Amino acid sequence: MKKLGRACLSLLLLSGLLTTFLAAQSAKAARPAEKLPLQDGWSLQSSGKVDEGGELLSTTKFQPKGWYEVSVPTTVFAALVKHKVYPDPDYGMNLRQAKGVTYPIGSNFSNIPMQQDSPYLIPWWYRKEFVVPEGFQGKTLWLNFGGINYRANIWLNGKQIADSNDVAGAWRTYEFNVTGIAKPGAANVLAVQVFSPTENDLAITFVDWNPAPPDKNMGLWRYVEVSTSGPVALRYPTVVSKVDSPANEQAHLTVTALLKNGTDQPVKGVLKGNIEKISFEQEVELAPKESKDVAFTSEQFAQLNLSHPELWWPAQMGAPTLHPLHLEFVTGGKISDQSNSRFGIRQVESQVLSENQRTFSINGKNILIRGGGWSPDMLLRENSQRLKEELRYVQDMGLNTIRLEGKLETKEFFDLADERGILIMAGWCCCDHWEHWPKWSPADFKIAEQSLRDQIYRLRGHTSVFAWLNGSDNPPPPDVEQTYLKVEKELLWPNPTVSSATAKVAPYSGPSGVKMTGPYEYVAPSYWTVDKVHSNGQCNQGGCGGAYGFNTETSMGPAVPPLESIQAMLPKEHWWPIDDWWDFHAGGGAFKDLHVFTEALNARFGTANSLEDYTAKAQMQSYEGVRAMFEAYGRNKYTSNGVIQWMLNNAWPSNIWHLYDFYLRPGGGYFGAKTAMQPLHPLYGYDDHSIWLVSSQYTDAKGLKLKVRVLNLDASEKYSQTFPLDAAADSTAKVAELPAIAGLSTTYFLDLRLEDAAGKPVGSNFYWLSTKAETLDWEKSNWYTTPTASYADYTGLAQLPKVKLKVSERTERKGEDTVTHVTVENPSRNLAFFVRLKVNKGKGGEEILPVLWQDNYISLLPGEKRDLTATYATGALGTAKPEVAVSGINLE
């Protein structure tokens, strides 16, 4: 027994050494594919100042003199702004002074030809010298472009590798096999001649959101890099999952990836994969230069049928769990290429019910989509830190979705959305050549198809992306839609597709299930609940914008930012009164000024007499308007199925359509939205004076108490009632209707406070209301607004007695964040109304931004005390001491 034991021990030791050796060899062979980012050290110049051609420019014989040194990605105009050739285009009217900005203010430049003297009508050269590492020798070398707007000729080391017939399309991605052209261990030169888009190209447009830069964003606007592989490259790893709902006890996975043979010889190999402890593999044969999608289905590979899987959920519903996926292609005993990615196990389902109402569910559970429309920077400048901060704002407000109308963001954007559990609704844009189908040339059809293919490859592996819109303001004609659907089917697109963002019936696929009925201009808060299915005619196809169906873009109109943002965007001589400089920072088309919003503000709150007065009243009007919209859609779920606020953010400093402004300063609309999307939310129905409780959480809440109080302008209590109640998961329930109350002041207040079974506050709301009815003139409705026939009267707010608050603060460091704790107390017998809090960089210093306030623009009842927090990056404070500043409508 002892000898056998020693023999076994020897064998075990030998086996262990062999295992260690093989593991080391495998790890050595399994080094990830190497990448060489081509980011810094580029040179940029107009072709009007360059006589040489690409053959010479792409060699070391040429030495650029007088060229602009730039980093990629960058558009041409963005680079010139960075070099201070032009002043900051975001400020004042500077953009109108730039060469090439001759199009009429408020027009859609994407549909207008550039003038003959525009410096961007001719191509511009991007040139980059770089050394390919010697270690790349003997490997297949790939040159990748993440985005070129619009056409390009490309040379590498004196050889043209692509021309402008093949490189065309702002939403294309490009990968060129440059093996034998690129020189490992030596200097290489890349020269790219970029042509701007014309009015008849499938390019990038900001529609009526904001002005366009004079170059129409021409340039290398996404990353450029060199990567390596063996003979076969592995691209776009994706896991498509199906979940057996409602129990969610089983999931069935399909794993797919694109393999590209970079050689002129056939290649045989094995594609292998691992998902945690699950392994799978299959043999693959590729013809010379062949690209092939390879899939592992759960029907063929039983191990891809999972029991009790850990699912991915939007953050509102649960944890956005991601799992690791490793794929590698092995040929000749060596790993040719490999990938490591993450994916979530989830299934999105959608149905079109009666009345053209589309529902969405995640893993068998309904979800009310509440989101905002995204805009990139006007010059397409990327900023990783800003991106993280904006997504943090999205979740702080309680939004669950971002809509991308044609602005298909970076990989980092989608990775963050995957990790944070933010849903993404993506699709094509409206209002330029993308929807001018009768004008499309054969080349346009080809570019559109390939653009979709490139983007579906990019997006299909991102769990956060839950829907794709093949059109925006119009459904595609049958031939285009069928082409799109064919591509989506071929590439195993795992999510619902929608023909357009409108209620227009697609000739091929039929009803969309959504509506784009506006409004986009100011409407009274009651609009959203007063407008019901079939009640007020057709503002647009699909009805009006009231809280029914799925409204893909809508808002209460302009979003005038707080005082400090107006002062940042405009020179002092244009701060007040409102003039054409303000209008320039409004929108385009029908939205070139603020007169509808301002007329309502003056009628409801009293005529504004200064910049300070106007911006303060604007925050009140935005707060109640945004809150009313989100509340109505929440109250009416699932008669209402989704609402996308138009918009979430802005491409530049703007007075319209945002929930936080360009400077990342959250104003009234931000906190109106945040209030409306509390997990347990008490609300008031403007249509019938009712009180409701909406639960947006997916667990039951029992033993709640809702206290309802009505107060006069002098803070005297006119009504008080407490209602015990329960709230089922993802529910909406009418609690009560306010009775007729005698002796109300013209302006009065409604205070709602919700407590849990332990007496802890879990929801609140505060309304200013009027005994003067606010009515709408439905007969004069159009596609973007419904006029107000009679306004509410809030002028009494100006008569509120002055109040002095007690304020204390303390600040602590928490990791990379700093948290300032603020206690505000109202010791008076009067209401402290619409109190705004800021944390400044020292006394009198600038406001610290971005900042996450627990709550803001609050009202304090007599004797009330509230504890609030403000969280911000420690680095934003610098060496200053945080200083809390408090202001309000009636503060001393």
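The structure is a predicted model. In the sheet, four strands are arranged in an open order, while helices α13 and α14 come together with their axes within 7 Å.

**The sheet**

- The four strands follow the order β1-β13-β6-β10, and the pairing among them is antiparallel.
- At the edges lie β1, which covers residues 35-37, and β10, which covers residues 174-177, and each of these strands pairs on one side only.
- From one strand to the next, the twist averages 20°.
- Strand β6, made of residues 140-145, is joined to β10 in the antiparallel sense over four bridges, and Phe-145 stands opposite Tyr-174 in β10.

**Helix α7**

- Helix α7 runs over residues 442-459, and its 18 residues reach 26 Å from the first C-alpha to the last, which is close to the 26 Å expected at 1.5 Å a residue.
- The buried residues of α7 include Ile-447, Ala-448, Leu-452, Ile-456 and Leu-459, and among them are also Asp-444, Arg-453, Asp-454 and Arg-458.

**Helices α13 and α14**

- Helix α13 spans residues 611-635 and helix α14 spans residues 668-676, and their axes cross at roughly 30°.
- Angles under 35 degrees count as roughly parallel, and α13 and α14 are therefore roughly parallel to each other.
- The crossing in which α13 passes α14 is right-handed.
- The residues of α13 that meet α14 include Tyr-623, Val-626, Arg-627 and Phe-630, and those on the α14 side include Gly-668, Phe-671, Ala-673 and Thr-675.

Definitions and conventions:
Residues are numbered from 1 along each chain as its sequence is written. This is a predicted model: local features need pLDDT of at least 70, side-chain atom pairs count only at pLDDT 80 or more; totals for chains, interfaces and linings use all residues. Side-chain values use heavy atoms; hydrogens and water are left out. Two strands pair if DSSP finds at least two bridges between them. Helices (H or I, at least four residues) and strands (E, at least two) are DSSP runs, numbered from the N terminus. Axes are lines fitted to C-alpha atoms, for helices over the stretch in contact, and angles run from 0 to 180 degrees between N-to-C directions. The expected span of a helix is 1.5 Å times one less than its number of residues. Buried means under 20% relative accessible area, exposed over 50%, partly exposed in between (1.4 Å probe, protein chains only). Angles under 35 degrees count as roughly parallel, over 145 as roughly antiparallel, 65 to 115 as roughly perpendicular and the rest as oblique. A crossing is left-handed if the near helix is turned anticlockwise from the far one by less than a right angle, and right-handed if clockwise. Contact means heavy atoms within 4.5 Å.
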